[in-house]
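Here are my notes after going through the model, as numbered points. Have the structure open while you read.

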Protein chains: 2
Amino acid sequence: MTPTAAPSEHLLHFGAAVRRHREEAGMSQEQLGHRAGLHRTYIGGVERGERNVGLLNVFAIADALDVPAGELLHVTPRSP
Amino acid sequence: MTPTAAPSEHLLHFGAAVRRHREEAGMSQEQLGHRAGLHRTYIGGVERGERNVGLLNVFAIADALDVPAGELLHVTPRSP
């Protein structure tokens with residue numbers, strides 16, 4: 001399996017997935033941060049793909065969004 | 001959705017998944033580390049659930065194991 005994406009693309013994809021699920025849940029970044037035990041500005045950085053999020057925060061965000069953590073990592077392979 | 005597991009259990013589950021896929025692929029920790037661009041001792045710490053692995057390393061390990069990253073995060077909810 002060829003690498004699915006360049007490193008920074010992984011973070012951008014993850015951030016976009018977090019944003020999509022957050023907006024679908026009608027939550028603000030502040031509300032998501034509060035539920036996940038993280039600061040609003042940290043959530044903003046995650047959504048912009050600026051943070052190499054650790055697993056514990058991946059699961060905290062997924063739990064706060066009420067989605068399986070693996071779903072936030074689902075990456076569509078780059079077209080060749 | 002109730003939190004799937006206590007924080008450290010997430011790391012233990014992830015480590016067990018990495019080990020299971022590595023062994024299924026017939027790789028040593030050294031070989032996996034080499035393919036992922038990580039040190040053998042780092043892989044050992046990951047498999048023991050001692051490392052809060054960042055997303056970039058999660059994807060590097062998943063690519064090296066040739067499995068989707070989300071599969072390594074699949075957690076079976078704790079029985080109540």
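1. Let's start with A:Glu47, which lies in helix α3 of chain A. Keep in mind throughout that this is a predicted model. Leaving aside residues up to four places away in sequence, A:Glu47 touches A:Gly15, A:Ala16, A:Val18, A:Arg19, A:Arg22 and A:Gln29.

2. Which residue's side chain meets that of A:Glu47 in a salt bridge at 3.0 Å, N to O? It's A:Arg19. A:Glu47 sits in α3 (residues 40-47) and A:Arg19 in helix α1 (residues 7-24) of chain A, so the pair ties together parts that are 28 residues apart in sequence.

3. A:Arg40 is partly exposed, with a relative accessible area of 38%, and A:Glu30 is exposed, with 52%.

4. Next comes a pair with its partners at nearby numbers: the side chains of A:Arg48 and A:Glu50 meet in a salt bridge at 2.9 Å, N to O. A:Arg48 has 46% relative accessibility and counts as partly exposed, whereas A:Glu50, at 54%, counts as exposed. Which residues are joined into one network by salt bridges that share partners? They are A:Arg19, A:Arg22 and A:Glu47. Over all chains, the count comes to eight salt bridges.

5. The contact is made by A:Gln29, A:Glu30, A:Leu32 and A:Gly33 on the α2(A) side, and by A:Arg40, A:Ile43, A:Gly44 and A:Glu47 on the α3(A) side. By class, the contact of α2(A) with α3(A) has two nonpolar, three polar and three charged residues.

6. Helix α2 (residues 29-36) also meets helix α4 (residues 55-65) of chain A, where the axes come within 8 Å and cross at roughly 115°. The two helices are therefore roughly perpendicular to each other. In handedness, α2(A) passes α4(A) in a right-handed crossing. From α2(A), the contact uses A:Leu32, A:Arg35 and A:Ala36; from α4(A), it uses A:Ala60, A:Ile61, A:Ala64 and A:Leu65. How many residues of each class does this contact have? There are six nonpolar residues, no polar ones and one charged.

7. Helix α4(A) deserves a point of its own. Eight of its eleven residues are buried, so α4(A) is largely enclosed by the rest of the structure. The buried ones are A:Leu55, A:Val58, A:Phe59, A:Ile61, A:Ala62, A:Asp63, A:Ala64 and A:Leu65. Check the residue that follows α4(A) as well: A:Asp66 has a positive phi, near 60°.

8. Finally, the overall picture. Chain A has five helices and zero strands, and reading along the sequence gives the pattern α-α-α-α-α. Of the 80 residues of chain A, 48% count as buried. Among contacts in chain A between residues at least 6 apart in sequence, 57% join residues at least 24 apart.

Note on methods
Residues numbered from 1 in each chain as written. Chains lettered and ligands numbered in written order. Predicted model: local features only at pLDDT ≥ 70, side-chain atom pairs only at ≥ 80, totals over all residues. Heavy atoms only, no water. Axes fitted to C-alpha atoms, helices over the stretch in contact; angles between N-to-C directions. Helix = DSSP H or I, 4+ residues; strand = E, 2+ residues; numbered from the N terminus. Parallel < 35°, antiparallel > 145°, perpendicular 65-115°, else oblique. Left-handed = near helix turned anticlockwise from the far one by under 90°. Contact = heavy atoms within 4.5 Å. Nonpolar A, V, L, I, M, F, W, Y, C, P; charged D, E, K, R; others polar. Salt bridge = Lys/Arg side-chain N within 4 Å of Asp/Glu carboxyl O. Buried < 20%, exposed > 50% of the residue type's maximum accessible area, 1.4 Å probe, protein only.
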